[in-house]
Amino acid sequence: MDYKLAFMVPQLGKPFSEEITRLRPEKIEPLQEDGYAGLRATFQSQAFPELQLATVVRLYGEGLVERYDEVTNISDVETAAEVWLNTPIMCPMLDKGVLPYEGKYVELNDSMGSGLSYWNPSKLTENWLFLRGNNNPRGISWPREGKVNFSSWFMYFENKLGRLAPQETVATEPITMTIGAFRDWQSFREFATQKNDKPASLTNHMNVSVNGGNPFIDNGECKAVVRDYKSSFLNGFIEMKLDDEILQSHLFASDEELTQAEFDIEIPDNKGILVLTSKMNLGAVHVTRQSAAFVVKDQPVRLEKSIKEGLEVYSVDNGEMKIFASAQFAPSLFSLQYRDQEWMDSPFPKPTPKSWWNPWFGGIAGLLQGMSLHSLLKEESTVEFVEKKDNKGNEWKGLKITTHYKKHETFKGIQIHKYFLMLPGVPVLCHTTEIVQNMESYLDGKNFYTGCFLNPGPEPARSWGSFQAENGEWTMVSGAKGEQDMTVERSVIYGSDDHENLLQIVADQNATQVASYINLEVIELGYSEKVSLAHGAKQYTSPVFYVFNDKVIPDTALEDLKKIKFN
């Protein structure tokens, strides 16, 4: 069920009076303007005879409801005391809610912790709440300087209106409720805060953080922190496991007044990728969380320039993977090898027609919506070695492929920097793109699309992609046996019946749309992100990670990896 979110009757004070719930309005006036319809209901207070209260509600066509109140001193003298107005809103449950809390965006995936009494409103860091519900998204926003309070089944705002002069009217700032107008919390947040910056990813209200949220571990040990963001204390049993091995366990009592627990974890030398499982039996609640960690090795990343097929080729080798690019061929990564096995499908050293692509140069390449591959090849491109630090302090090395749009009539002035990055000994390729906008006009909502042509095995008919649906079920699609378009809802892996290695694609799907196309000739992975930039601005796309392993990593264990960003 979807729990109610509704405006309640205001209360004049202090002390606050509930009289308005029993009073009939003196008059009701319909309101109609372009874009909205509404009403204005006026009440005469009996508890405060000198005050008249008018409640104004406006309903907008797109599904927004705006409400504010006006209080008028109808007497001929100033009010004897300061006037207050309490504005309550029914909200019995934060129904699959998202809260801007302690500088993070905390999510509730189920009913656990959904009661308002679990949360401290003073720790809200922005002026909104969003309830995703069951296909019935709702939100509420209030003035940025407003202070919200929580009770057991409703929230409320106490408005200090001060002493009112004779015949003076004071209005409260509007509170806005949305019913289906915004389908996701990010767009509602942008509306409420008037910020168009990209918010951080969601944090679960019962959160397990490994290595400070950095999934890459480079010193053989790390700290795991279990944190309950709700206003409650740990009471029960927490167990930490590495794969199937129990590492530590601890019993907590509520009188210890702890909201987080810390565990020191030693990482085995022979592990490249590991999954840490936290099992929490806290009172009546049993929760399991998983976090993937990737071990950075103490070895160099080798950079090399060479001549292959008469073309200058840049290559990077991190001990697990090798990548190759040549600006004289195409603005693409034409080769990705994992343990000496090639995973890219490319016609290097010369573009050729294939399927319905002409020209086709395969590998991993990207372009703005509205530009053709033919036009892309006409533009000037360069390749160089690069070092880049992410938001967690990891220092990556790899290739930077730059294309400067000088000939395209629409996009002239744009620079595209594609980064293909690796860490020592880690079987993960990170791809992000920097778009620099110098068109002298506004770039409005264009998709930047990246296509990756894969070669999972020596026999196309024995190669495949496997796709995880929202409900967790997997569907396998074989290569070279037909045509299939697949939208990636959760995880996607590629592999071959001829070996045990798997390629898993990891993306923050709040920012990136991921799909796959398989026909008789190609296995293509595609991902896109919307770009809106003013002249002189730049944007990094959310990174997409190519993860090699011999088994599938649960997508729920990859949240920290999805939060890696560059700027």
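Let me open with a pairing: strand β6, residues 64-73, runs antiparallel to β15, and four bridges join the two. Before going on, this is a predicted model, in which local features need pLDDT of at least 70 and side-chain atom pairs count only at pLDDT 80 or more, while totals for chains, interfaces and linings use all residues. Residues are numbered from 1 along each chain as its sequence is written, and side-chain values use heavy atoms, with hydrogens and water left out.

Strands here are DSSP runs of E with at least two residues, helices are runs of H or I with at least four, and both are numbered from the N terminus. Two strands pair if DSSP finds at least two bridges between them.

Back to β15, then. How covered is strand β15? Mostly: four of its five residues, which span 175-179, are buried. Buried means under 20% relative accessible area, exposed means over 50%, and partly exposed is in between, with a 1.4 Å probe and protein chains only.

Now let's step back to the whole protein. There are three helices and 46 strands. Of the 567 residues, 54% count as buried. The C-alpha trace spans about 95 × 65 × 40 Å along its principal axes. As for contacts, meaning heavy atoms within 4.5 Å, take those between residues at least 6 apart in sequence: 61% of them join residues at least 24 apart.

On to two sheets. As a reminder, strands of a sheet pair through backbone hydrogen bonds, either parallel or antiparallel. In what order do the strands β17, β19 and β22 form their open sheet? The order is β17-β19-β22, and the pairing is antiparallel. At the edges sit β17 (206-210) and β22 (260-266), each pairing on one side only. From one strand to the next the twist averages 15°; the angles behind it run from 0 to 180 degrees between N-to-C directions, with axes as lines fitted to C-alpha atoms, for helices over the stretch in contact. Strand β19, residues 221-228, is joined to β22 by seven bridges, and V225 stands opposite E262 in β22.

The other open sheet has five strands in the order β18-β24-β23-β20-β21, and here the pairing is mixed. If you want a spot to look at, find K241, whose bridge partner in β23 is T277.

Next, two individual residues. M321 is in strand β27, residues 321-325, and counts as buried because its relative accessibility is 1%. Leaving aside residues up to four places away in sequence, M321 touches V316, L336, Q337, Y338, M422, V426, P427, V428, L429 and F548. N501 is in the loop between β41 (492-496) and β42 (502-507). Is N501 buried or exposed? N501 is buried, at a relative accessible area of 17%. With residues up to four places away again not counted, N501 touches Y338, Q341, W343, Y494, G495 and N549.

Most residues other than glycine have a negative phi, and most peptide bonds are trans. Which peptide bond reaches K14 in cis, with omega near 10°? That is the bond from G13 to K14. K14 and P15 are also joined by a cis peptide bond, with omega about -10°. K14 lies in the loop between β2 (11-13) and β3 (27-33), and P15 lies in the loop between β2 and β3.

For positive phi, have a look at K96, near 50°, in the loop between β7 (83-90) and β8 (97-101). K96 counts as partly exposed because its relative accessibility is 29%. E440 is not a glycine, yet has a positive phi of about 65°. Its place is the loop between β36 (428-436) and β37 (443-453), and E440 counts as exposed, at 69% relative accessibility.
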